[in-house]
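Student: Could we go through this structure together? I would like to ask about a few places as they come up.

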Number of protein chains: 2
Amino acid sequence: MPGEFELIRRYFTRPTHQAVLGPGDDCALLQPTPGMQLAITTDMLVEGTHFLPGSDPAQLGWKSLAVNLSDLAAMGAQPRWILLAGSLPEAQEAWIAAFARGLFDCATRYQVDLVGGDTTRGPLNLCLTAIGEVPPGAALRRDRAVSGDDLWISGLPGLAALALAERQGRTRLPKAIAERCAEALHRPLPRVELGLELRRQGLANAAIDVSDGLLADLGHIVERSALAAEVFVAQLPPLPGGADPVLARRCQLAGGDDYELLFSAPPDRREKIIELAAQLKLPLWRCGRLVGSETRLTLFDENGEPLTINEKGFDHFA
Amino acid sequence: MPGEFELIRRYFTRPTHQAVLGPGDDCALLQPTPGMQLAITTDMLVEGTHFLPGSDPAQLGWKSLAVNLSDLAAMGAQPRWILLAGSLPEAQEAWIAAFARGLFDCATRYQVDLVGGDTTRGPLNLCLTAIGEVPPGAALRRDRAVSGDDLWISGLPGLAALALAERQGRTRLPKAIAERCAEALHRPLPRVELGLELRRQGLANAAIDVSDGLLADLGHIVERSALAAEVFVAQLPPLPGGADPVLARRCQLAGGDDYELLFSAPPDRREKIIELAAQLKLPLWRCGRLVGSETRLTLFDENGEPLTINEKGFDHFA
């Protein structure tokens with residue numbers, strides 16, 4: 001079995017295109033684009049908490065990066081560099097090779113350089129840090145929503161939670177749906193292009209990814225922007241056919257582990273946003289609005305009646 | 001017990017002095033100093049691998065940051081921002097409060113801002129990412145040593161390993177020495193000022209921190225700079241009085257978990273380096289030299305006889 005340094009050399013050292021100095025020194029060295037701000041985020045994925053023991057290592061490699069890129073996407077930042085710290089119970093070379101393959105698949109797809117990291121022994125834990133760039137003042141922040149904004153959600157949130165429900169034996173799904181849900185759970189596509197275009201075209205005032213669940217994350221916008229939100233069930237994305245509709249709705253509203261973007265935008269941007277959806281081949285659903293100044297979140301059913309919200313999304317330690 | 005977001009708000013959210021946007025959004029936003037390069041590093045500390053179960057949380061808070069700042073120091077970078085990702089088996093509020101206290105003690109001492117992070121459930125694991133700034137071309141890299149350079153080491157490497165040996169019952173130390181060793185193990189002082197001055201005054205060609213052990217880390221300079229190194233036992237820092245000299249020497253040469261700087265410098269900088277030691281009140285020991293172009297490391301005993309090296313320092317998975 002090769003040692004730590006040899007493993008890093010063999011599996012995690014690839015030519016870097018955007019770094020002054022990549023892996024192999026005390027630090028990586030990066031030259032930011034003049035005038036740009038940095039958007040930076042870190043996420044830790046723990047076996048038994050974020051993924052099941054025995055999970056496919058290539059899927060894990062992809063996902064551990066994708067969830068971080070999703071945070072950059074939610075700020076409208078251009079992803080540039082990543083670092084990986086990992087703790088492994090034992091060094092199984094085949095596992096590491098597959099993990100690296102999945103990680104670099106995602107890194108290549110989104111054109112980021114792995115510039116550094118750390119490997120150690122311990123319970124399986126993967127911690128990624130991702131850095132992107134955004135022009136000063138242009139980032140899509142949670143606290144910048146404006147009263148009167150529409151609320152939009154991308155894609156089909158809830159599929160990852162449905163896949164987990166099936167895996168845990170809580171529901172059964174038709175095969176085609178099950179595969180689509182499994183893809184959302186294991187190989188999420190961070191909405192980097194969407195975030196970039198919303199920012200470049202000045203379409204959104206605020207954005208967040210719905211990794212904690214749609215309502216929970218909308219709650220963050222509501223709280224940080226000090227506004228009231230109204231969400232209309234009738235305007236939410238369609239539920240997948242063949243799934244239990246009550247469970248599917250719950251997953252859509254409170255599932256977590258989704259990497260769609262929820263954003264707020266002025267009503268006069270509707271046409272541009274619909275054009276953008278067509279351009280990106282990604283459905284964008286106008287599902288609500290922000291009103292008033294009282295921090296509050298109301299869900300309206302198909303008949304326009306307000307619903308009680310008791311699905312609070314995902315909060316560790318709650 | 002408060003939830004995840006409340007814990008972050010209560011213990012890890014302090015005013016940031018150097019961030020455009022601190023904790024609380026999908027990403028932190030940072031404005032780099034115009035023209036500067038970024039030095040970035042990440043280190044993962046795992047219970048049972050890097051520290052013993054039941055370790056003092058305030059010490060852990062200090063150390064988890066200090067080991068990252070040491071990497072910035074080894075590049076001659078000015079520390080600026082940090083992110084913290086942590087996995088905890090359960091949310092014990094007192095533990096978290098003490099950990100945060102230790103972390104912010106260190107952050108305040110070295111003037112860095114905690115700008116973001118992640119908290120989750122799982123086996124105890126602390127992953128810090130630290131970012132510093134350094135002028136282009138000025139970083140102290142491992143691969144920039146020059147034949148003819150002197151080798152220098154700061155402080156008293158080996159004390160942390162001695163403390164660990166005592167804790168594991170492998171040796172006994174006089175009380176005063178034991179306390180000093182425990183301090184080195186639990187509350188290491190990253191040599192940030194030393195790294196900055198070596199870089200600013202143009203005194204060093206290459207540097208590394210000796211976190212893997214003096215000889216192992218010297219090996220990295222030797223390998224990356226493609227040079228031969230000679231180290232003279234007679235010129236190494238004095239061993240602590242009252243400790244078993246064989247064990248103390250082994251700890252000094254191969255102990256690991258030390259955060260002193262090993263650097264190479266042209267002989268005509270000797271006087272300036274001695275002045276710097278006085279200025280920083282930190283002993284700097286000229287303990288060897290770099291010669292020739294054959295990648296090799298030779299240790300000479302007190303009589304000038306070459307010694308066999310079989311202490312390879314710390315290599316996970318080896």
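**Helices, strands and the interface**

Tutor: Let us begin with B:Gly219, which is found in helix H7 (residues 214-225) of chain B. Please keep in mind that this is a predicted model.

Student: Is B:Gly219 buried, partly exposed or exposed?

Tutor: B:Gly219 is partly exposed, because its relative accessible area is 23%, and the buried class requires under 20%.

Student: How far is its C-alpha atom from that of B:Ala73?

Tutor: The C-alpha atoms of B:Gly219 and B:Ala73 are separated by 19 Å, and the two residues lie 146 residues apart along the chain.

Student: What about helix H8 of chain B: how many of its residues are buried?

Tutor: Helix H8 (residues 245-254) of chain B has 7 buried residues out of 10, so it is largely enclosed by the rest of the structure. Among the buried ones are B:Leu247, B:Arg249, B:Cys251 and B:Gln252.

Student: Which elements cover those buried residues?

Tutor: The cover includes helix H4 (159-167), H7 and S11, which belong to chain B. H7 is the helix that holds B:Gly219.

Student: You mentioned S11. Which strands does S11(B) pair with?

Tutor: Strand S11 (residues 296-300) of chain B runs parallel to strand S8 (residues 228-232) of chain B, and 5 bridges join them. In that pairing, B:Arg296 of S11(B) stands opposite B:Ala228. S11(B) is also joined by 2 bridges to strand S12 (residues 306-307) of chain B, and here the strands run antiparallel.

Student: Which residue in S12(B) is the bridge partner of B:Phe300?

Tutor: The partner of B:Phe300 is B:Pro306. The hairpin of S11(B) and S12(B) has 5 residues between the strands, and B:Gly304 takes a positive phi near 80° there.

Student: Changing topic: how many disulfides are there over all chains?

Tutor: The count comes to 0 disulfides over all chains.

Student: How many residues are in contact between chain A and chain B?

Tutor: On chain A, 71 residues are in contact with 71 residues of chain B. Between them the two chains bury about 5600 Å², with 60% of it on carbon and sulfur atoms.

Student: What salt bridges and polar contacts are found across the interface?

Tutor: There are 4 salt bridges across the interface of chain A and chain B. One of the salt bridges in the model joins the side chains of B:Asp25 and A:Arg142, at 3.4 Å from N to O. The interface also has 25 residue pairs in polar contact. Strand S2 (residues 37-46) of chain A gives the most to the side of chain A that touches chain B, with 9 residues.

Note on methods
Residues numbered from 1 in each chain as written. Chains lettered and ligands numbered in written order. Predicted model: local features only at pLDDT ≥ 70, side-chain atom pairs only at ≥ 80, totals over all residues. Heavy atoms only, no water. Pairing = 2+ DSSP bridges. Helix = DSSP H or I, 4+ residues; strand = E, 2+ residues; numbered from the N terminus. Disulfide = S-S within 2.5 Å. Contact = heavy atoms within 4.5 Å. Buried area = accessible area lost by both parts, 1.4 Å probe. Polar contact = N/O pair within 3.5 Å; in protein donor to acceptor, adjacent residues only side chain to side chain. Buried < 20%, exposed > 50% of the residue type's maximum accessible area, 1.4 Å probe, protein only.
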